[in-house]
Amino acid sequence: MMNRSAELLFWIGRYLERTENHTRLIDVNYHMRHELKGSANNYQVCKWERLITTIGSDYSSKKDDEPMNETTALRLLTFERTNVNSIYSCINQARGNMRALRQLLPDDLWDSMNSFYLWMKEQDIHNVMEQSPHLFYQRIREWLAAINGTTDSVLLRGQEWNFIQVGKFLERAENTIRILQTIYSNLIEDHDFPFDQKHYNRMLILLKSVGGYEAFRKFHADHVTFVEVFEFIMLNSQFPRSVNFALGSLEASLLVIKQDDYQLAALSDQAIDLTGGVKEVLSGLKAKGDGLELLQEMMNSCYQLDRTISENFFQEEFVKA
C-alpha cells in the first residue's frame, strides 16, 4: 500500500468520526438550551461560544457584524465551508478521500458516502431552521450509521480496514478528552464547586454528548456525580466511546498492521509504544486526580501519537512494496 493511500484511509476514519462527534454535540446542546431556558444559570451552561470551543472551531468564519445566536452558530458549525471543522467540510473531505481510493474500497461504501454528500450539499441553514434542527441532525446520524454499517459488513479486515480504524479511534480519544476539558474548564470558570450532585444538568449534557447516558446508568443508576461520570468516560472498558476503549481499539489495529507486514513492524512498534504510554497516563487517573493537568497531558500525548503515526506511516515513499 502506498503511503498516500494509507494516509487517505486514516483521514477517512478521522473525518467520519469527527462528523458524528460534532453532530451529537450540536444536537444535545440545541436540545438542552431549550430545556434549560427557564433557568438563567443553567441556560449559560449551553452557551454557543462554549460549544464552538469544544468542537475546536473558531469565530473567523463569522461576519463581524453577525450576532452569535442560534442560527449563526448552527450555520458556522454545520454549513460554513471555510470552517475546516464544520460538518459539511468533514463530509466533503471524507468523500474526496474515498473517491481517490475507489479501487481499494467496495462500491457500496462509495455509493453510501456519495449519496450522503449529495444530500448534504442540498441542505442549508434556512431549511434546517424552518423544519426541525433535531430531525436534521438525526438524519445525519442515520447516514453515518449506514456508512459505518456498510464499512463493517463489506470491507475486508486488511490494511485498508485497520488504517481507517486507527484514524477513527485516535479521533474518538481526542474528541472525548476535549469534551471533558471543556466541561471541567467551564466548572472552574463558573466557580461551580464542589464537584457534587448539584451539577446534574452539566453531567447530563456531558454523558449525552458522548452517547453514554444509558450506559452510565447501567453502572451507576442515578448517582450522577462529576467524579463518577469523569471516571466512567475515561476508564470504562466496555463503553465504546470511553478514552480507555478508544486507545485499546487503536492499539489493536496497530498490532494487526504490524503483524500483516514485517516491513511495518518497526514503524508500528513506535506508535504502539506511544499508545501504551498514553494508557499508562490514563491508568494513573485516580492516583493523580482528575484535574485539567491530566487532561492536557493526555491531549498532548494524543497529538504526539498523531505526529508519530503521520511521520512513520505517511512520509516514506512506500508503506508496502
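How many helices and how many strands does the protein chain have? In this predicted model, the protein chain has 16 helices and 0 strands. The mean pLDDT of the protein chain is 82, and 78% of its residues reach 70 or more. Over residues 317-321 the pLDDT falls below 50, although this stretch has 15 contacts in the model beyond near neighbours in sequence.

Of the 321 residues of the protein chain, 55% count as buried, and the accessible surface comes to about 14,400 Å², with 48% of that area belonging to carbon and sulfur atoms. When contacts between residues at least 6 apart in sequence are considered, 68% of them join residues at least 24 apart.

The largest nonpolar core contains 90 residues, among which Met98, Phe116, Met120 and Ile140 touch the most other members. Helix 9, spanning residues 159-189, supplies the largest share of this core, namely 13 residues. In soluble globular proteins, nonpolar side chains tend to be buried together. For Phe116, once neighbours within four places in sequence are left aside, the contacts are with Ile91, Ile140, Trp143, Leu144 and Ile147; Ile140, one of these partners, is also named with Phe116 among the core residues that touch the most other members.

Leu144 is found in helix 8, which covers residues 133-154, and is buried, because its relative accessible area of 2% lies under the 20% cut-off. Beyond its neighbours within four places in sequence, Leu144 is in contact with Leu16, Thr19 and Glu20 as well as with Phe116. The C-alpha atoms of Leu144 and Ser112, which are 32 residues apart along the chain, are separated by 9.1 Å.

Helix 9 has 31 residues and reaches 45 Å from its first C-alpha to its last, close to the 45 Å expected at 1.5 Å a residue. This helix is mostly covered, with 28 of its 31 residues buried. Leaving out residues up to four places away in sequence, Lys168 touches Gly13, Arg14 and Glu17. Although Lys168 and Arg14 are 154 residues apart along the chain, their C-alpha atoms are separated by 4.8 Å.

Gln181 is likewise found in helix 9, and at 13% relative accessibility it counts as buried. With residues up to four places away in sequence not counted, Gln181 touches Leu292, Leu295, Gln296 and Met299. Helix 16 comprises residues 292-313, and its 22 residues should span 32 Å at 1.5 Å a residue, so the 31 Å found between its end C-alpha atoms agrees with the expectation. The buried residues of helix 16 include Leu295 and Met299, together with Leu294, Met298, Leu305, Ile309 and Phe313, and also Ser301, Asp306, Thr308 and Asn312.

Cys302 is another of the buried residues in helix 16, and its relative accessible area is 1%. Cys90, at 0% relative accessibility, also counts as buried. With a disulfide taken as a pair of cysteine sulfur atoms within 2.5 Å, the count comes to 0 disulfides.

Apart from residues up to four places away in sequence, Ser242 touches Phe232, Ile233, Met234 and Asn236. Not counting residues up to four places away in sequence, Ala73 touches Trp48 and Met68, while the C-alpha atoms of Ala73 and Leu51, 22 residues apart along the chain, are separated by 8.9 Å.

Technical notes. Residues numbered from 1 in each chain as written. Predicted model: local features only at pLDDT ≥ 70, side-chain atom pairs only at ≥ 80, totals over all residues. Heavy atoms only, no water. Helix = DSSP H or I, 4+ residues; strand = E, 2+ residues; numbered from the N terminus. Buried < 20%, exposed > 50% of the residue type's maximum accessible area, 1.4 Å probe, protein only. Contact = heavy atoms within 4.5 Å. Areas by Shrake-Rupley, 256 points an atom, 1.4 Å probe, with all protein chains shown as cover. Core = buried A, V, L, I, M, F, W, Y, C linked by side-chain atoms within 4.5 Å. Expected span 1.5 Å × (residues − 1). pLDDT = per-residue confidence, 0-100.
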